[in-house]
Amino acid sequence: MRGAAWSRHILSAATALAAGLAACSDSSPSTLGGDGSGAQRIETLWWVLFGLGLAVFVAVMAAIVIAWWTRRGSLDVNRFVLVGGVALPAVVLAIVGVETVRATNAVFEEEDDPREADVVVVGEQWWWRVTYPDAGVETANEIHIPAGEPVTVELRSADVIHSFWLPELAGKVDMIPGQTNRLVLEADRPGTYRGMCAEYCGLQHANMRFLVVAHEPEELASWLEARRTPPPSPSSGPAAQGEQVFLDEACSGCHTVEGTPAQAQVGPNLTDFGARRELGAGVVERTPENLSHWVRDAPDLKPGVLMPPIELTDEQVEQLVAYLGSLDPG
Ligand code: CUA
């Protein structure tokens with residue numbers, strides 16, 4: 001009987017370990033092996049904490065083994081408390097404290113820095129409004145930055161507390177209603193990085209994700225330039241009819257497409273929607289099938305989302321999908 005109980009314990013421990021390792025798979029971003037100076041600083045801190053933790057663990061285990069082995073009853077209790085309970089923790093906490101302050105200073109910029117932010121990100125339930133103040137461009141759920149340059153990001157919230165977390169490039173910063181926080185991001189090389197909300201903010205907290213795309217600096221300039229001028233209205237075909245559906249039906253009551261009468265600010269700005277990779281802040285990939293599903297019944301894909309189901313005919317959905325796909329400034 002005892003053997004069976006033990007094997008059950010071992011099995012559940014192995015299952016927990018496997019689940020833990022699965023969580024570290026390629027698809028989830030890791031704080032270790034980051035691509036930016038902030039992430040590398042945090043990684044160093046992580047290794048310092050890990051090393052100290054390991055040293056303390058080994059020392060305690062060794063003390064237990066020695067005590068058991070020698071069965072000594074003549075321990076000098078005063079000295080033991082002084083060394084193990086005062087001196088050792090003081091040294092460990094001092095190292096951790098100094099390292100933490102140094103890493104924090106390196107990663108986070110002063111909040112009252114007078115420079116204007118390169119990018120402003122506002123957390124909303126459950127997506128990210130992204131604006132580039134210099135270029136006058138607004139997008140959503142994707143942040144495009146130049147590689148190899150520090151980028152100042154201003155972080156705000158439109159409703160509840162969110163937290164901006166980009167494990168591979170920088171630290172985690174809360175977005176607090178009524179307050180502006182700042183973060184400096186830097187990607188060493190071009191690439192795409194996954195970010196997410198790290199503060200529970202309601203039903204779809206887990207589906208509040210974003211992408212950061214680091215470009216070569218000149219490539220970013222043309223990316224922004226392409227978005228400064230709104231895309232021309234499609235002249236014919238399903239996309240042109242789709243634009244009419246967009247303007248006549250509920251869509252334009254919440255969304256903006258620059259260059260059209262749709263200028264509402266409730267939901268994400270859709271001016272460059274056709275260039276985006278995902279829908280609903282990372283719920284699904286942006287394919288025509290998923291977009292049809294989203295347009296008809298967004299809460300079915302993302303329960304709790306503000307966007308209501310929309311009554312449209314199959315033809316209207318098809319036209320709308322064609323129109324939204326055409327909004328690609330390249
Ligand atoms: Cu926003 Cu969690």
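Reply: Arg228 and Glu225 are three residues apart in helix H4 (residues 217-228), which means that about one helical turn separates them. Helices (H or I, at least four residues) and strands (E, at least two) are DSSP runs, numbered from the N terminus. The two side chains form a salt bridge, with the closest N and O atoms 3.2 Å apart. A salt bridge here is a side-chain nitrogen of Lys or Arg within 4 Å of a carboxyl oxygen of Asp or Glu.

The model is predicted: local features need pLDDT of at least 70 and side-chain atom pairs count only at pLDDT 80 or more, while totals for chains, interfaces and linings use all residues. Residues are numbered from 1 along each chain as its sequence is written, and side-chain values use heavy atoms, leaving out hydrogens and water.

Arg228 counts as partly exposed because its relative accessibility is 45%, and Glu225 is also partly exposed, at 43%. The cut-offs are under 20% relative accessible area for buried and over 50% for exposed, with partly exposed in between (1.4 Å probe, protein chains only).

Arg227 pairs with Asp272 in another salt bridge, where the closest N and O atoms are 2.7 Å apart. Asp272 lies in the loop between H5 and strand E11 (278-279) and Arg227 in helix H4, so this pair ties together parts that are 45 residues apart in sequence. Asp272 counts as buried at 4% relative accessibility, as does Arg227 at 9%.

Elsewhere, a salt bridge joins the side chains of Arg41 and Glu99 (3.8 Å, N to O). Arg41 is in helix H2 (residues 37-70) and Glu99 in helix H3 (residues 77-107), so the bridge ties together parts 58 residues apart in sequence. Both Arg41 and Glu99 are buried. Together with Arg102 they are linked in a network of salt bridges. By the rule given above, the count comes to eleven salt bridges.

The axes of H5 (residues 237-248) and H7 (residues 314-326) come within 7 Å and cross at roughly 100°. Axes are lines fitted to C-alpha atoms, for helices over the stretch in contact, and angles run from 0 to 180 degrees between N-to-C directions. H5 is thus roughly perpendicular to H7, a label for angles of 65 to 115 degrees.

Conventions
Angles under 35 degrees count as roughly parallel, over 145 as roughly antiparallel, 65 to 115 as roughly perpendicular and the rest as oblique.
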